[in-house]
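Reader: I have not seen this structure before. Please take me through it in questions and answers.

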Amino acid sequence: MLQIPDHPPNSVSVENQFPEDLYDAMREFVRLHPQWDQYRLMQAALAGFLFQHGCQDRVVARHYLDGLFRRQDPTPLPTQP
C-alpha cells in the first residue's frame with residue numbers, strides 16, 4: 001500500500017470484544033505511555049502477531065516496525081516492478 005502525501009492511509013473500523021482484564025491492562029498501558037494510543041497499540045499488536053507468525057508481506061513488516069519505532073513522517077515503500 002503506497003501512501004499518497006495528500007491522502008490519509010486507508011483504514012477499516014474493527015469491532016471486537018475483549019476480556020475485561022485485558023482491556024483494563026491496555027487502558028492502563030496507554031495511560032502510563034502517552035506516546036501510545038489504543039489504535040497504535042492494536043495496530044502494533046496485530047502487525048507483530050502476523051509478522052512473528054510468518055507473514056512475509058512487506059506492508060505488515062512496515063506496520064510492525066512503525067509500531068515499534070513510531071516515525072512521524074513514514075517514507076513510502078519503493079515500488080516493485
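Reader: Among contacts with a separation of 6 or more, what share comes from residues 24 or more positions apart?

Author: This is a predicted model, in which local features need pLDDT of at least 70, side-chain atom pairs count only at pLDDT 80 or more, and totals for chains, interfaces and linings use all residues. Residues are numbered from 1 along each chain as its sequence is written, and side-chain values use heavy atoms, with hydrogens and water left out. Contact means heavy atoms within 4.5 Å. In the protein chain, the share for residues 24 or more positions apart is 24%.

Reader: In what order do the elements of the protein chain run?

Author: Helices (H or I, at least four residues) and strands (E, at least two) are DSSP runs, numbered from the N terminus. The protein chain has 3 helices and 0 strands. From the N terminus on, the order is α-α-α.

Reader: At what angle do α1 and α2 pack?

Author: Helix α1 covers residues 20-32 and helix α2 residues 38-52, with axes 10 Å apart. Axes are lines fitted to C-alpha atoms, for helices over the stretch in contact, and angles run from 0 to 180 degrees between N-to-C directions. The packing angle is about 115°.

Reader: Which residues of α2 do Met26, Phe29 and Val30 in α1 meet?

Author: By class, the contact of α1 with α2 has 5 nonpolar, 1 polar and no charged residues. Here Ala, Val, Leu, Ile, Met, Phe, Trp, Tyr, Cys and Pro count as nonpolar, Asp, Glu, Lys and Arg as charged, and the others, Gly among them, as polar. On the α2 side, the residues met are Gln38, Leu41 and Met42.

Reader: What is the arrangement of Phe29 and Trp36?

Author: The structure holds 2 aromatic pairs. The ring centres of Phe29 and Trp36 lie 5.8 Å apart and their planes are at 75°, so this pair is edge-to-face.

Reader: Is Trp36 buried or exposed?

Author: Buried means under 20% relative accessible area, exposed over 50%, and partly exposed in between (1.4 Å probe, protein chains only). Trp36 has 16% relative accessibility, so Trp36 is buried.

Methods
Rings of Phe, Tyr and Trp (its six-membered ring) pair if their centres lie within 6.5 Å; planes under 30 degrees apart count as stacked, over 60 as edge-to-face and the rest as tilted.
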